[in-house]
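The following note sets out points for a colleague who is examining the coordinates. Please read it beside the sequence and the model.

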Amino acid sequence: MAAPRSIGRALSLALVAAGAVSASSCSPGGFQDPTMIHSVRILASAADEPYAKPGDKVTVSVLAYDGRSSQPEPMTVYWLPFVCENPRYDAYYACFQQLGKGDGGVPDAGDGGAGSAGIGALRPGIDLTPFLPSGPSYQFQMPADVVTQHPMVPGEPSPYGLGILFNIACAGHLEL
């Protein structure tokens with residue numbers, strides 16, 4: 001039979017351990033519930049043809065939500081009307097350089113100077129919303145040379161190309 005002193009010590013250690021586990025558990029501790037949306041947010045984007053062939057027409061749709069309690073201006077989904085083709089290292093952020101220089105195939109649609117000169121040609125403060133396509137979906141044509149212009153990737157068994165399209169959900173207007 002164990003001595004009462006060792007039982008008391010074991011009981012004390014068990015209580016301390018239970019207290020430590022309880023104190024370090026994953027309880028809500030003041031953090032906001034991540035499932036609550038109180039702003040404008042894009043939840044998902046989907047292409048009707050995620051593995052499009054060169055020259056195919058692709059429709060991209062966006063699921064956006066406006067969780068603001070007060071909505072003085074409606075939320076609108078805007079599209080940057082260029083396909084970023086084969087960015088360096090297949091990194092989406094390399095498209096920003098293409099957009100700034102105008103190397104991304106920005107169409108000239110009477111767009112206040114964006115045209116093929118890229119966004120870098122625009123002056124700060126210009127409202128871009130009248131020039132950008134809007135709506136929950138946008139259709140574009142996959143560039144015909146998207147596969148042939150993509151650098152070979154060591155270890156990749158087949159050639160491929162990459163096209164990236166950007167969208168923005170906004171409750172107001174867009175400007176540089």
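1. Val-58 stands opposite Phe-140 in β5, and Thr-59 stands opposite Gln-139 in β5. The two strands concerned, β2 and β5, run antiparallel and are joined by five bridges. Strands are DSSP runs of E with at least two residues, helices are runs of H or I with at least four residues, and both are numbered from the N terminus.

2. The model is predicted: local features need pLDDT of at least 70 and side-chain atom pairs count only at pLDDT 80 or more, while totals for chains, interfaces and linings use all residues. Residues are numbered from 1 along each chain as its sequence is written, and side-chain values use heavy atoms, with hydrogens and water left out.

3. The protein has two helices and seven strands, in the sequence pattern α-β-β-β-β-α-β-β-β.

4. An open sheet of three strands is ordered β1-β2-β5 with antiparallel pairing; two strands pair if DSSP finds at least two bridges between them. Since β1 (40-47) and β5 are at the edges with a single partner strand each, one side of each has no neighbour in the sheet. Direction ignored, neighbouring strands of this sheet are turned by 25° against each other on average.

5. In a regular strand, side chains alternate between the two faces of the sheet. Buried denotes under 20% relative accessible area, exposed over 50%, and partly exposed in between (1.4 Å probe, protein chains only).

6. Where is Leu-132 found? Leu-132 lies in the loop between α2 (95-101) and β5, and is buried, with a relative accessible area of 14%. Not counting residues up to four places away in sequence, Leu-132 touches Tyr-78, Trp-79, Leu-80, Pro-81 and Leu-174; contact means heavy atoms within 4.5 Å. Leu-132 and Val-77 are 55 residues apart in sequence, with a C-alpha to C-alpha distance of 9.7 Å.

7. For the protein as a whole, 28% of the 176 residues count as buried. Of the contacts between residues at least 6 apart in sequence, 64% join residues at least 24 apart.

8. The accessible surface of the protein is about 11700 Å², and 59% of it belongs to carbon and sulfur atoms. Accessible areas come from the Shrake-Rupley method with a 1.4 Å probe; for residues, only the protein chains shown count as cover.

Terms used: Axes fitted to C-alpha atoms, helices over the stretch in contact; angles between N-to-C directions.
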